[in-house]
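Here is a short briefing on one protein model and the ligand it holds. Keep the structure open as you read, and find each part as it is named.

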Amino acid sequence: MNIAIDLGSDRTRVFIENKGKVLDEASVITYDIDTNEIYAVGDEAYAMIGKTPLGIRAAHPMDSGVIAQSDLVEEMVDIMMRELCPVKISNPRVITAIPCALTEVEKRAVVNAVSSFGARKVYLIETPKAAALGCGADITSPHGVFIADIGAGTADIAVLSLGGISAGKCVRRAGSAMDEEIVKYIRKQYNLVIGTNMAESCKRTVGCVAKPQEVQTFRVKGRDAVSGLPRYADVTNEELEPVLAEIAGDIVTAIRDVLEQTPPELISDIYSDGIILTGGLAKLQGFAKLVSQSTKLRVRVHKYAPDCVIMGCGKAIGLMDTVGKDLPQGISPLLTAY
Ligand SMILES: Nc1ncnc2c1ncn2[C@@H]1O[C@H](COP(=O)(O)OP(=O)(O)OP(=O)(O)O)[C@@H](O)[C@H]1O
Ligand SMILES: [Mg+2]
């Protein structure tokens, strides 16, 4: 059986050949700090963040697109896969997406994590290539495709042509860093201490990075920093714009840098086709507008933006058997086997 896994900083998604996407859960694991006993993984563990008793931690073991705690990631993947496939799968082959800028050591950690449930062979594909395949783009043709996958931990930006990356950049601060900025802002502005899950809900509902057309509010609930008592504050999209501006600005600058590095013939393709945004953060209010204003290009957020990478990994399952074989001249291989 062939399986695709997208181990995201925020969400883990799994695709099984001939079945499609079968899992989409938070990349979170709850465990006992002393005994390492695991209490929950996925969405159940996410709901425990900031609510665990002393001695128990609910953690994101992936951080900024890389494996921060390898033993926890391996446990998390193993539990998720055993829940998905209670009968042991014999010798599965696994394909997984990785951010462009990973070192060999970081790649090896990903390979170990996704092989934890007994994979026979692991194939890696760079995130922008998977995202583009998931969008249905033909990335082996000589026509340039500009794609930016913006998630929780990374913004992976690339111009693809002939199966390879002609220009690219990876920013390791995205949606999760915005949540932290919201936590800091609410504390400073309202003297209110809130958790990151509350901040994430706030960002998803009223977070915005371009001047909004109408004012929207979101009620954040937390603990008064002085009295320690429960309190709330009503936060508007207008006031969040400057809070999120720096991180959004860094991503937009990286997009512009990639455009600057792109060879002129490919730029003309991008000028006609524009930029495709994928990943969960692409859905943030005003993001596409900000990128479009800054690049003067047409910007499209894919309808299923958060799922493009896993769907692309799923499509790439069909390419596993071509690895190591001769490709038409000039075309770079999309997958690397480990
Ligand atoms: N509608 C939305 N508006 C704003 N932000 C959103 C929305 N939907 C999801 N997000 C944010 O997108 C991020 C998750 O995106 P995604 O699932 O692509 O990340 P990931 O693949 O887990 O992370 P990465 O690829 O960076 O390792 C989170 O920060 C989440 O809060
Ligand atoms: Mg991702």
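Start with two helices, H5 and H6, which pack at an angle of about 105° with their axes 8 Å apart. That angle makes H5 roughly perpendicular to H6. Remember as you look that this is a predicted model.

**The H5 and H6 contact**

- Two packed helices are described by the angle between their axes and the distance between the axes.
- From H5, the contact uses Met-178, Asp-179, Glu-180, Ile-182 and Val-183.
- From H6, the contact uses Thr-196, Ala-199, Glu-200, Cys-202 and Lys-203.
- Sorted by class, the residues in this contact are 5 nonpolar, 1 polar and 4 charged.

**Around ligand 1**

- How many residues surround ligand 1? There are 22, and the closest are Gly-8, Asp-10, Gly-151, Gly-175 and Gly-280.
- Two elements give two or more residues to this shell: helix H5 (175-190) and helix H6 (196-206).
- H6 supplies the largest share of the shell, with 3 residues.
- By class, the shell has 5 nonpolar, 11 polar and 6 charged residues.
- Why does ligand 1 lie between domain 1 and domain 2? Both domains give residues to the shell around ligand 1, so the ligand lies between them.

**Two domains**

- The domain assignment gives domain 1 as 2-132 + 313-337 and domain 2 as 136-301.
- Their C-alpha centres lie 23 Å apart.
- Where the domains touch, domain 1 contributes 23 residues and domain 2 contributes 28 residues.
- On the domain 1 side, strand E7 (62-63) and H4 are the elements that give two or more residues.
- H4 gives the most to that side, with 5 residues.
- The domain 1 side of the contact has 11 nonpolar, 8 polar and 4 charged residues.

**The open sheet**

- Which strands form the open sheet, and in what order? The 6 strands run E3-E2-E1-E9-E10-E19, and the pairing is mixed.
- Strand E3 (20-26) and strand E19 (336-337) stand at the edges. Each has a single partner strand, so one side of each is left without a neighbour in the sheet.
- Strand E10 (residues 121-126) pairs with E19 in the antiparallel sense, over 2 bridges.
- In that pair, Leu-124 stands opposite Thr-336 of E19.

**Helices on the sheet**

- Helix H3 (residues 104-114) lies across strand E1 (2-7), strand E9 (93-98) and E10.
- H3 runs at about 140° to E9.
- Helix H4 (residues 127-134) also packs on the sheet, where it touches E9 and E10.
- The direction of H4 makes about 85° with that of E10.

**A hairpin to find**

- Strand E15 (residues 217-224) and strand E16 (residues 230-236) pair in the antiparallel sense over 7 bridges.
- Phe-218 stands opposite Val-235 in E16.
- The hairpin of E15 and E16 has 5 residues between the strands.
- Which residue of this hairpin takes a positive phi? Gly-228 does, with a phi near 80°.
- In a regular strand the side chains alternate between the two faces of the sheet.

Methods: Residues are numbered from 1 along each chain as its sequence is written. Chains are lettered from A and ligands numbered from 1 in the order in which they are written. This is a predicted model: local features need pLDDT of at least 70, side-chain atom pairs count only at pLDDT 80 or more; totals for chains, interfaces and linings use all residues. A residue is near a molecule or strand if its C-beta atom, placed from the backbone, lies within 6 Å of it. Helices (H or I, at least four residues) and strands (E, at least two) are DSSP runs, numbered from the N terminus. Ala, Val, Leu, Ile, Met, Phe, Trp, Tyr, Cys and Pro count as nonpolar, Asp, Glu, Lys and Arg as charged, and the others, Gly among them, as polar. Domain bounds come from an automatic or database domain assignment. Two strands pair if DSSP finds at least two bridges between them. Two residues are in contact if their C-beta atoms, placed from the backbone, lie within 7 Å. Axes are lines fitted to C-alpha atoms, for helices over the stretch in contact, and angles run from 0 to 180 degrees between N-to-C directions. Angles under 35 degrees count as roughly parallel, over 145 as roughly antiparallel, 65 to 115 as roughly perpendicular and the rest as oblique.
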